[in-house]
Amino acid sequence: MATKKSNPETSMFKELLTELPTKRIRFIRLISQISFFLLFNGVILGLSRVDVPVPVVLPTGAPFATMWGGFTALQYVLANGQFPFLVLGIFFLTGAVFGKLTCGWACPIGFWQDLIALLPLRKIKMSRPDNEGLQDLSGFFMWTSIVIAGFFGLQRLNGSLTGGEFWTFIPYGVIDPAGTMFVTYFYTLLWGVIPTQQGQNIFDVVGTLFLIKTFILILFTYISIKIPRAYCRWICPTGALLGYTSSHSLLTIKRDPTKCVDGCSKCEDACPTQVPITDENPDGISNTLCIGCGNCIDACPDAMSFGFRF
Amino acid sequence: MEVTTRMKYLSFIILGVMFIITGFALNEPSILAQVNPSNIDKWYKFLAPWVGESGKGGLPVPW
């Protein structure tokens with residue numbers, strides 16, 4: 001896999017603290033991400049759960065979750081033998097209007113990745129073919145999960161299966177790092193799945209699945225530290241589903257080419273998902289990697305702006 | 001702006017609204033309501049495998 005190392009700047013903490021006051025969009029986005037994080041985990045603040053799916057990564061079993069994560073809900077409804085009209089409708093509507101803005105401004109896992117990307121480790125920039133080619137992985141995970149959930153949905157519909165293990169309802173939950181972080185670890189502690197007898201270690205107590213999930217979480221965490229928003233770019237099935245509509249969304253990021261200077265790549269350098277912005281249509285970015293974070297606008301407010309494709 | 005772009009997002013917006021109405025008409029939220037922390041037994045059965053591995057032992061039932 002062809003990769004190249006980024007410039008020697010290894011820490012973004014300093015950049016965040018010193019430049020936040022001048023980065024208007026980034027500041028507003030940070031407020032938005034914190035607000036949505038509290039809203040989506042609002043049970044701890046006394047909010048009630050509502051059975052409404054939202055197009056972000058939010059594991060069903062998250063103890064304080066107020067809503068259903070969209071892709072989790074899609075699998076669960078499908079696995080119960082019903083076509084997920086409501087879930088798909090919400091994905092289509094939000095994707096067509098806002099694109100992948102929810103990934104950049106609301107998703108708790110996106111927020112978590114933004115935070116760990118601040119850790120002072122040297123970042124890796126992917127080559128363009130790899131960056132775009134690896135997106136197929138998210139489609140693979142999405143379609144595999146849908147096919148498995150649909151298969152068990154048909155089984156339940158014709159009565160040959162009742163009940164079943166959790167993975168027959170939410171197949172992606174087996175590897176979902178968000179579920180591991182927000183659900184598995186919480187209940188591991190709450191239910192006291194810890195060594196209780198002398199000589200016993202954690203491996204005697206927890207199951208193989210726990211260890212596999214932990215390994216996957218550590219792997220994706222490390223990759224997301226080295227490559228900002230790596231999970232969003234290549235793995236996330238929620239983002240893959242939004243990608244079908246986001247490339248032609250009403251709200252988009254526009255570029256004024258008359259204000260661009262030859263050889264300048266400020267906007268591209270600021271992009272956490274490495275969208276080749278200068279190669280995109282100036283009337284609106286159609287690249288499915290774009291999460292609408294607005295870092296490019298902060299980097300070059302003269303040429304870049306949010307706008308509508310009326 | 002290209003007409004195809006406008007047609008695509010308009011189509012998805014209309015399709016999205018139709019799907020949402022259909023989903024509510026088919027009472028889709030009631031399927032999601034089946035898994036709820038207030039139903040403790042079902043919640044535990046649903047989540048237990050996320051924590052450990054069923055049948056391996058060591059996973060305590062907290063109630």
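Is B:T5 buried or exposed? At 6% relative accessibility, B:T5 is buried, because the cut-off for that class is under 20%. The legends below describe a predicted model.

**View 1. B:T5 in helix α1 of chain B.**
The helix spans residues 3-25, and B:T5 lies within this range. Leaving aside residues up to four places away in sequence, B:T5 touches A:H248 and A:R309. Both of these partners belong to chain A. B:T5 itself counts as buried.

**View 2. B:T5 and B:F19 along chain B.**
These two residues are 14 positions apart in the chain. Their C-alpha atoms are separated by 21 Å.

**View 3. A:M304 in strand β6 of chain A.**
Strand β6 covers residues 304-308. A:M304 has a relative accessibility of 2%, so this residue counts as buried. Its contacts, with residues up to four places away in sequence left out, include A:I253, A:K254 and A:R255. A:C267 and A:I277 are also among them. A:C296 and A:I297 are touched as well.

**View 4. A:M304 and A:A178.**
Along the chain, 126 residues separate the pair. From C-alpha to C-alpha, the separation is 33 Å.

**View 5. Chain A as the setting for A:M304.**
Chain A has 16 helices and six strands. Of its 310 residues, 57% are buried. Among contacts with a separation of 6 or more, 73% join residues 24 or more positions apart.

Note on methods:
Residues numbered from 1 in each chain as written. Chains lettered and ligands numbered in written order. Predicted model: local features only at pLDDT ≥ 70, side-chain atom pairs only at ≥ 80, totals over all residues. Heavy atoms only, no water. Helix = DSSP H or I, 4+ residues; strand = E, 2+ residues; numbered from the N terminus. Buried < 20%, exposed > 50% of the residue type's maximum accessible area, 1.4 Å probe, protein only. Contact = heavy atoms within 4.5 Å.
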